[in-house]
Amino acid sequence: MTPRSPASIRSRLDFWQAASGACLALFVLVHLILEGSVVLSPTITDGIGWFLEATYAAQIAAPCIVALILFHFWIAARKFPLRSGELGIFIDHAKALKDPDTWLWLVQVVTAVVILAGAFFHVYTVMTDMPITVQGASQRLHNGWLLFHAVFLPSVILHTGIGIWRLAVKYGFCVKAQRDKWRKCIYIGMGCYLLLGVLALTRVWFQI
Amino acid sequence: MGRKLTFEIFRYAPLDPLSKPHMQTFVLEEHPSMTLFIALNMIRETQDATLQFDFCCRAGICGSCGMVINGRPGLACHTQTIDLPDHISLHPLPVFKLLGDLSVDTGTWFRNVGKKIESWIHTSKAFDPAAQEDRMDNDLATKIFELDRCIECGCCVAACGTARMREDFMGATAINRMARFYIDPRDNRTPADFYDLIGDDNGVFGCMGLLACDSVCPKKLPLHDQLGIMRRMVSVESVRGILPEFIRKKLAGSCGCHSKA
């Protein structure tokens, strides 16, 4: 092994940002599918909830996911336009350039902040209101959490979709020749997940 | 009668203490096949002889006439007015040192970044002027030539959101240059050497995948594909000793590029 200078620890952050982002994206894709099972039948969702609780998967995974979100945010935040004037420069640049991918990065920054705050509340309310049931979720929605989900769900889907797109582009999995195809798939995927999420929320809302 | 084109051009002479940055309007009649290069020369010849802008080859080869055209970096000589609306705004390329009006100093920037990335062949082989040159596979020579087509106009740097925010970011052009040496068998540098040169947030990890470099490159270079290849190679190198070696080698094997490991 070649010895590395301390500065190289910082250069490994990109790898961990990508790795943690990929894990979180995978989690979101599976989580939303499992949640979306309520569209077929609330019994299926209750069954999944029971299984995840009985095997302690939910109790173990929830804090791990929050920790992973914090870790991912902490690493990715080094790219945030937080230093003096950076945000203004970037917005002016995006306005002048009129390039969709430049704007999408700002969307990712905004949704990252929404997710960081939202994920904590989401996990806290669900994990302190066990068992996980569709009935319980419905009650929470009627108690004012519908607005939260109306913001949180699109933020998560947008951040995940754009994140997967960026990961593929940055690491060369999506090359120039395939870019249009990838972009189309990502947009369709985000649309499908959003539709599934809206249908699931509607189904849960009318569960009571 | 051609269209009446209104040019709004950034004017500022940094060396003149009385000069203040402002936009100046010029009106010009459009001619068939008019490029921005022709239009700017007409303005300078007929309306304002003090207008500063750079040009040399008029054919998209020298990279001198890069400027921001209606918000997007491009080459004046490559841009036909017919492709633009009636109102055309022209600014100098950001990031680079402004010399005056639309003229910027890209040379110093490229020289500095070239030194930073050691943009030359590193070899231990002694040069023998009498010996025949080593033969190279034609496909590989074509690949190297493709990446060598960069004219250093600076458009990709000016279009890059990261470069706009962080002045130390070396930009797609430098990574493309590194990719050119990475595939060149005459360069003896290993992935570890490339990692030391570009493996930080000022280098390949600074790229946020905004793709604007690709969209504006006048030579249509696959800049982001090269960024992807180099990022994977350097990332895999960055976790040497952390990831199990068989996983790391597998990732390195799928790098999609000529491996020097």
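Let's start at one residue. B:Met178 is in contact with B:Ile117, B:Phe194, B:Ile198 and B:Met230, leaving aside its neighbours within four places in sequence. Keep that residue in mind. This is a predicted model.

B:Met178 belongs to the largest nonpolar core, which has 79 residues. Which members touch the most others? They are B:Cys156, B:Ala159, B:Cys160, B:Ile175, B:Met178, B:Cys213 and B:Met230. Domain 1 (4-104) and domain 2 (117-253) of chain B both give residues to this core, so the core lies between them.

Now step back to chain B as a whole. Chain B has ten helices and seven strands. Its C-alpha trace spans about 70 × 45 × 35 Å along its principal axes. Of its 261 residues, 42% count as buried. Take the contacts in chain B between residues at least 6 apart in sequence. Of these, 65% join residues at least 24 apart.

On to the domains. The assignment for chain B gives two of them, domain 1 at 4-104 and domain 2 at 117-253. How far apart are their C-alpha centres? The answer is 32 Å. Across the boundary, 15 residues of domain 1 of chain B are in contact with twelve residues of domain 2 of chain B. On the domain 1 side, β3 and β4 of chain B each supply at least two of the touching residues. The largest share, four residues, comes from β4(B). By class, that side has nine nonpolar, five polar and one charged residues.

Strand β3 of chain B covers residues 66-69. Are its faces buried or exposed? Both are covered. B:Gly66 and B:Val68 are buried on one side, and B:Met67 and B:Ile69 are buried on the other.

Which strands does β3(B) pair with? One is β4(B), residues 72-75. These two run antiparallel, and four bridges join them. The other one to look at is β5(B), residues 87-91. That pairing is antiparallel too, over two bridges.

Look at B:Val68 here. In β4(B), its bridge partner is B:Pro73. In β5(B), B:Val68 stands opposite B:His91. One more detail, at the turn. The hairpin of β3(B) and β4(B) has two residues between the strands. B:Asn70, in that hairpin, takes a positive phi near 50 degrees.

Next, chain A. How many helices and strands does chain A have? The count is eight helices and zero strands. Read along the sequence, the pattern is α-α-α-α-α-α-α-α. The C-alpha atoms of chain A fill a box of roughly 55 × 45 × 35 Å, taken along the principal axes. Buried residues make up 28% of its 208 residues. Among contacts in chain A with a separation of 6 or more, residues 24 or more positions apart account for 83%.

A word on confidence. The mean pLDDT of chain A is 89, and 95% of its residues reach 70 or more. Which element has the lowest mean? That is α1(A), at 62. The highest, at 94, belongs to helix α8 of chain A, residues 179-205. Treat the start of the chain separately. Over residues 1-7 of chain A, pLDDT stays under 50. The model has five contacts beyond four places in sequence for that stretch.

Last, where the chains meet. The contact takes 30 residues from chain A and 32 residues from chain B. Which helices of chain A contribute at least two residues each? They are α1 (7-11), α2 (13-40), α5 (86-97), α6 (100-127) and α7 (134-170). The largest share on the chain A side comes from α5(A), with six residues. By class, the chain A side has twelve nonpolar, six polar and twelve charged residues. That's the tour.

How values were computed:
Residues numbered from 1 in each chain as written. Chains lettered and ligands numbered in written order. Predicted model: local features only at pLDDT ≥ 70, side-chain atom pairs only at ≥ 80, totals over all residues. Buried ≥ 20, exposed ≤ 12 C-beta atoms within 10 Å, placed from the backbone. Pairing = 2+ DSSP bridges. Domains from an automatic or database assignment. Contact = placed C-beta atoms within 7 Å. Nonpolar A, V, L, I, M, F, W, Y, C, P; charged D, E, K, R; others polar. pLDDT = per-residue confidence, 0-100. Core = buried A, V, L, I, M, F, W, Y, C linked by C-beta atoms within 7 Å.
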